[in-house]
Amino acid sequence: MKKKSAKAKPSDSQITVIPREQHPISRKDISDNALKVLNRLNKSGFEAYLVGGGVRDLLLHKKPKDFDIATNATPEQVRTLFRNCRLVGRRFRLAHIMFGPDVIEVATFRGPHDQIESNDRNQSHKAQSGMLLRDNIFGSVEEDAARRDFTINSLYYGIEDFALRDYVGGMADLNAGIIRLIGDPETRYREDPVRMLRAVRFASKLDMTIEPATAEPISRLAFLLKDIPPARLFEESLKLLQSGQGYKTYRLLRKYHLFQPLFPLIQRGFTQHGDTPMEKLLVQVLKHTDFRLQNDKRVNPSFLFAAMLWYPMIEHAEQLNQESGLRYKEAFSVAINDICMKQCGSIAIPKRHTTTMREIWLLQLSLPNRHGKHANRLMEHPKFRAAYDLLELRANIESRNDLKELVQWWTEFQQSTPTQQRGMIAKLGNRPIRRKTRHRGKFTRQNRDGD
């Protein structure tokens with residue numbers, strides 16, 4: 001396909017209209033709520049198109065997760081037409097049409113940034129880095145197509161004639177399996193650095209190749225992600241690592257130097273051969289997550305992050321124990337707080353997840369203690385299964401017989417009857433006696449749990 005000049009005007013682009021009989025999209029594959037919005041906008045005299053990932057996925061015979069609509073109606077005009085509408089966003093003003101839990105997002109056609117109007121509702125602001133801070137410039141469908149990120153996301157399905165409109169060669173790239181930015185790649189990445197993450201995510205998720213000109217600036221501009229709010233990067237990290245292609249995505253993130261801005265605590269532990277326990281555990285938990293998602297099983301971000309950050313946390317705990325004289329459990333607790341705080345400086349993991357991560361980590365210290373009624377109490381803990389899964393992953397990686405024996409014991413204990421469980425606990429013998437010894441002027445326990 002002939003590459004368009006980055007400086008070309010939207011009106012210079014050659015539109016390709018693909019009639020209904022030449023594409024596979026059917027209304028029966030589009031949600032009823034999306035069709036309601038499209039039809040009402042159309043019957044009210046506005047242009048309205050299904051656009052973005054929903055169109056892309058339908059063309060690839062995949063089930064879309066959501067349906068986005070683009071229109072020439074302003075957000076205020078959309079709100080007038082739909083009582084169940086709320087306007088959201090300052091940077092990009094959008095209309096959300098609420099149908100219970102189903103939300104149809106409606107965006108007004110965007111125009112070029114340089115057409116700044118005096119109207120306060122219709123203006124664009126950029127940071128010195130080139131990142132767009134505010135962008136509510138409205139335009140035509142042709143201009144909107146040129147403003148989208150990737151060609152494969154810039155295909156428009158019209159409800160009036162059921163035809164597809166392609167302004168930037170998106171169909172050719174979709175058929176060829178190419179991820180290509182619209183416009184000058186460096187400029188587009190500077191406008192929104194998250195586009196670098198999206199390029200990697202789409203390449204992994206759709207099994208496509210990033211076009212060379214689109215790929216070239218990524219490593220150079222990866223540092224721009226530091227300007228993105230950590231809360232937004234948390235959401236992006238879930239899309240990257242919980243897509244069912246997390247391991248493949250992780251490898252591309254490392255290739256393009258995008259992993260470090262997201263997980264600097266993990267990045268610093270990488271080695272040339274990738275054979276440390278931390279690196280092995282990272283690979284295993286990503287493959288484990290992919291397997292569960294590909295088999296329609298639930299996954300919990302808390303477990304994923306707990307496993308990914310386990311070794312940075314344990315290394316910090318041991319350092320605190322040796323250098324500050326804190327008892328190991330105290331050092332362990334301090335390390336949990338430190339690691340969560342540092343990681344949240346890059347991606348803002350919500351408290352509900354960091355709380356679960358803490359429980360999973362603390363249970364790693366408790367699982368060796370199985371005497372008396374402690375084993376049954378541990379099994380009743382809401383996060384026992386997640387803690388057991390992490391213990392099993394650790395045992396598969398570390399060359400420690402005690403971990404392997406512990407996993408084997410807990411595996412058998414979960415499958416046993418109450419009578420058999422009492423017998424297993426009795427075989428453990430008496431609770432080990434712990435002696436206290438001085439260490440750097442403080443008392444620390446020997447044979448500490450979890451060592």
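D66 sits in the loop that joins α2 (53–59) to β3 (68–71), where helices (H or I, at least four residues) and strands (E, at least two) are DSSP runs numbered from the N terminus. This is a predicted model, in which local features need pLDDT of at least 70 and side-chain atom pairs count only at pLDDT 80 or more, while totals for chains, interfaces and linings use all residues. Residues are numbered from 1 along each chain as its sequence is written, and side-chain values use heavy atoms, with hydrogens and water left out.

**Annotated residues**
- According to an unreviewed UniProt entry, the annotation "active site" covers D66, D68 and D149, and such annotations may be inferred rather than shown by experiment, with positions given in the numbering used here and feature names shortened.
- D66 has a relative accessible area of 41% and is partly exposed, whereas D149, at 10%, counts as buried (buried is under 20%, exposed over 50%, partly exposed in between, with a 1.4 Å probe and protein chains only).

**Surroundings of D149**
- D149 is placed in the loop between α4 (141–147) and β9 (155–158).
- Beyond its neighbours within four places in sequence, D149 is in contact (heavy atoms within 4.5 Å) with residues including R180, R188, R195 and R198.

**The sheet**
- Eight strands form an open sheet with mixed pairing, in the order β1-β10-β9-β2-β3-β6-β5-β4, where two strands pair if DSSP finds at least two bridges between them.
- The edge strands, each pairing on one side only, are β1 (16–18) and β4 (85–88).
- β5 (residues 94–99) and β6 (residues 102–108) pair in the antiparallel sense over 6 bridges, and H96 has E105 in β6 as its bridge partner.
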